Amino acid sequence: MAAPPGGAGIVWQTPANPPESHDYIIRNGRRYVRPYYFEFISHVKNRWAGKTIVDLFTDEFKGRSRDYYVHAVKCGRLQVDGQMVHTDYIVKSSQKISHFLHRHEPPVLAGDISILKNEVDVVTICKPASVPVHPCGQYRKNTVVGILQAEHGLTPLFPVHRLDRLVSGLLIFAKNADRAECFRQQIEAGLLQKEYVAKVVGVFPDGEQTVDANVNFNAREGRSTVEISGGAGEEPNGKQALTRFQRICTDGTHSIVLCKPVTGRTHQIRVHLKQAGYPIANDELYLSGNFCPRSTKGTNASKKIAPSDPDSSAADHGSKDAGTDVEFDIDPMCTNCPNLAPVGYDRDEEGLWLHCVRYTGPDWSYECPYPDWAFLGSVSTKKMKS
């Protein structure tokens, strides 16, 4: 078996390595993760079989250039079944592929994760906007689960429900599999009630408003649409979705709306509010059709790698992020160095004006405080929570 690439000072992390408090850097209102060396492991899918290792990565993982992948194979940053291979090696189904790289995680907003209740088998927290709940995509340590483990020693945790990354508010975690299973059965039986608040454009109508319209999520575009039946006998696409809304208050320009989703479709509240004519006031994705998620901008990195440099997989220790005093290893092969954030994640981001305030079950109820943006003028807290 080939040894992991790089110098003796490099420690390659895997998902088994837990996040630690010193991994995080708070700067200018954002939480960064100190870049680290990581072994990405995947297994060859049937549709990948028959491709060369370079063609596979060039076609399927477009965040880096073909030149990068060629050099990664030559210096052992890409291995198959723990062995170095040549650039025209043809992969076979189910083979293990290891990609050793210098990992930069996207930054998130640096709001604190407030622990609301810490019970024997349940913990509830107030999730800041922009932080994903659990590891996904480019996020591993910069997640609610990772931060709670690193800074509060809370592990293992089983999310009872999910919130979109840009949504804030109440999150419930079970501390053991039995309690998680109890919550799951209650969810499947339809015994839970969910409440959110949103700040929307315009004067939302008084009285309860109901939107009953199928929601169809397009994973490629990362957005949902409302599907209406095209005529007699023609079934709409998407999944059945129902949301009830109640205006809490308005200042004539915006309204604070209580949202009670009966079903749980992706972006359901957001797209139902748009369908009602009162979209969330800072929801770029549904206010306009021209929104481009930050994760799709500038992701085709094309940093040139000198193929004649035999040491280009070794780290330059003790370098700093440009313009800061933050020290971390600079990797000559890395397409993101010398910056802390990965390419395409350098623009400012704002939390969505959508916040989970309450979950209620058969014999329990958990709540989360209202965010500052939910108070318009002199509206009383008592009215908000009624």
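**The whole chain**

This is a predicted model, in which local features need pLDDT of at least 70 and side-chain atom pairs count only at pLDDT 80 or more, whereas totals for chains, interfaces and linings use all residues. Residues are numbered from 1 along each chain as its sequence is written, and side-chain values use heavy atoms, with hydrogens and water left out.

Display the chain as a cartoon: its secondary structure comes to seven helices and 21 strands. Helices (H or I, at least four residues) and strands (E, at least two) are DSSP runs, numbered from the N terminus. Of the 386 residues, 47% count as buried; buried means under 20% relative accessible area, exposed over 50%, and partly exposed in between, with a 1.4 Å probe and protein chains only.

Select β1 (24–27), β7 (108–109) and β2 (residues 30–33). They form an open sheet in the order β1-β2-β7, with antiparallel pairing; two strands pair if DSSP finds at least two bridges between them. β1 and β7 stand at the edges, each with a single partner strand, so one side of each is left without a neighbour in the sheet. Four bridges join β1 to β2, and isoleucine 25 stands opposite tyrosine 32 in β2.

**Serine 130**

Next, select serine 130, in the loop between β9 (122–127) and α3. Is serine 130 buried or exposed? Its relative accessibility is 0%, so serine 130 counts as buried. A polar atom of its side chain lies 2.7 Å from the backbone nitrogen of leucine 109. Not counting residues up to four places away in sequence, serine 130 touches Val108, Leu109, Arg165, Leu166 and Glu349; contact means heavy atoms within 4.5 Å.

**Aspartate 164**

Move to Asp164, which UniProt lists for "active site" in an unreviewed entry; such annotations may be inferred rather than shown by experiment, and positions are given in the numbering used here. Aspartate 164 is placed in the loop between β10 (158–159) and β11 (168–174). It is buried, with a relative accessible area of 19%. Leaving aside neighbours within four places in sequence, aspartate 164 is in contact with Lys127, His267 and Arg270.

Glycine 277 follows α5 and has a positive phi, near 95°.

**The nonpolar cores**

Which residues touch the most other members of the largest nonpolar core? Among its 68 residues, they are Ile172, Phe173, Tyr196, Val197 and Leu273. A nonpolar core is a set of buried Ala, Val, Leu, Ile, Met, Phe, Trp, Tyr and Cys residues joined through side-chain atoms within 4.5 Å. Another core, of 19 residues, lies apart from it, and includes Ile53, Tyr69, Cys75 and Val91.

**Glutamine 186**

Finally, select glutamine 186 in helix α4 (residues 177–188). Glutamine 186 counts as buried at 11% relative accessibility. Glutamine 186 and glycine 361 are 175 residues apart in sequence and 7.5 Å apart in space, C-alpha to C-alpha.

Terms used: Polar contact = N/O pair within 3.5 Å; in protein donor to acceptor, adjacent residues only side chain to side chain.
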